[in-house]
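Please keep the sequence and the structure in view while reading.

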Amino acid sequence: MRTMQGWGGAVVVASVLCALPWPVCAQSPQVVQVYLSYRAPADGAPAPYFSPKGMQVPLIDAEAGLVLPEGALRPAKVGTLKVGPWDRSWVRVLATADADHPKDLCRLYVDRNRNRSFLDDGPPVVAKPAPREKTGDVWTSFPRIEFALYYGRGSAGDINEKYMVSMWVVRPADAPPPDILRYSVSSWRSGQITVGGVEALVAAMDSNNDAVFDKDDTWSVLEAAADDAPKRVLAIAEAKPTSRLMFVKTGAKELVLEFRSFSPDGRTLTFAVVDRPVTKAADRAGDDTVRDERSRPRATTPFAWGTALDPALAQAKAGGKRVVIDFWTSWCGPCKTMDEWVWSDAEVAGVLTAGYIGVKLDGDLEKDLATRFNVIGFPTMIVLDASGAEVGRAVGYQSSKQMLELLGPKR
């Protein structure tokens, strides 16, 4: 085992020595360490246009003796973002009302120096509560909040790295301030390297909002000369779990890259150039969730959906049909994909028209029904028999073939 200077200043760790230079020597994979830098959104600059699911931070009422910063009013609540490798890294926050918005948590203070005081950390992030027309819920968003996290000691002293999150609170209409704050990471890591003589962009995204980079996160490698490379390398079409391979074109050949590790602080990513009989096109083919749908015939007459459950149940009972309920929301991407490709499928629409009464229920509005049917994700499709008893259920995007299975005679 030896370490040597590699492409673009990266560190290359060769596990087996050989007399011939890489890539002529193929006795063992070349292991490459790429240095990554902190990146955060900037106006007009590329950024990931997908983010992890929001994490929940419990909020409790601030203790009576806590001195609030100027302009902050009660109700005031505190919580802790448990990010970073140790509790020393965790970040305490204070959310308060103010004179203009006495019912909403619209000011956010971050204990950046971790001294359990919110009086010496600079100005708050102030947001304007925004009622949602459809639901009446009041959303208050705090975008792009940056702080430093501790990752231990190094040869030069403490290791601290920046991290950025966006936070928000949701107050149901006519309800008191919530006891939950949500956040999602906004920052990422990126670098550049020369692989096999080709300049490549490298990116890493913290997929689970814990500010610790490991095998559960996401990576991406793309040739710098590729069309729109700075944007594409951050897109969900390129960024994949670490269990997936990356590819770099070098003329007529594709180098295959296999993930090895991240450093917990995200400063380095290590991968190997491996000999695998696979191309990027073949590897990515299964990522197109609607690939099989594209060639299927479209319905000339769409299936008619209702929006009320009780009339649908009565109609189904009278006609000896079954009911299919589609719980959806306006913000649900897979719901939109179902509308475009699955409900419009000729065979699916035919089966529905012949034997079903359909009901589409907006999960944001029909909260009582969502609770009654134990809906925990969207879309959720539920099949009821003519008596109203549940006989089938599917959660998440379903292909036409999967829906036909759910709707089939055996049900």
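This is a predicted model: local features need pLDDT of at least 70, side-chain atom pairs count only at pLDDT 80 or more; totals for chains, interfaces and linings use all residues.

Helices and strands, as named below, are DSSP runs numbered from the N terminus, a helix being H or I over at least four residues and a strand being E over at least two.

**Cis peptide bonds**

- The peptide bond that leads from R74 to P75 is cis, with an omega near 10°, and P75 itself belongs to strand β7, which covers residues 73–81.
- Another cis peptide bond is the one joining F378 and P379, where omega is about -5°; P379 is placed in the loop between α6 (367–372) and β25 (380–384).

- R116, a residue other than glycine, has a positive phi, with a value near 65°, and its place is in the loop between β9 (107–110) and β10 (125–126).
- N209, also a residue other than glycine, has a positive phi near 60°, and this residue is found in the loop that runs between β16 (198–205) and β17 (218–223).

**Exposure of the positive-phi residues**

- Is R116 buried or exposed? With a relative accessible area of 57%, R116 is exposed, because the term applies to values over 50%.
- Is N209 buried or exposed? The relative accessible area of N209 is 1%, and N209 is therefore buried, since that term applies to values under 20%.

Conventions
Residues are numbered from 1 along each chain as its sequence is written. Side-chain values use heavy atoms; hydrogens and water are left out. Buried means under 20% relative accessible area, exposed over 50%, partly exposed in between (1.4 Å probe, protein chains only).
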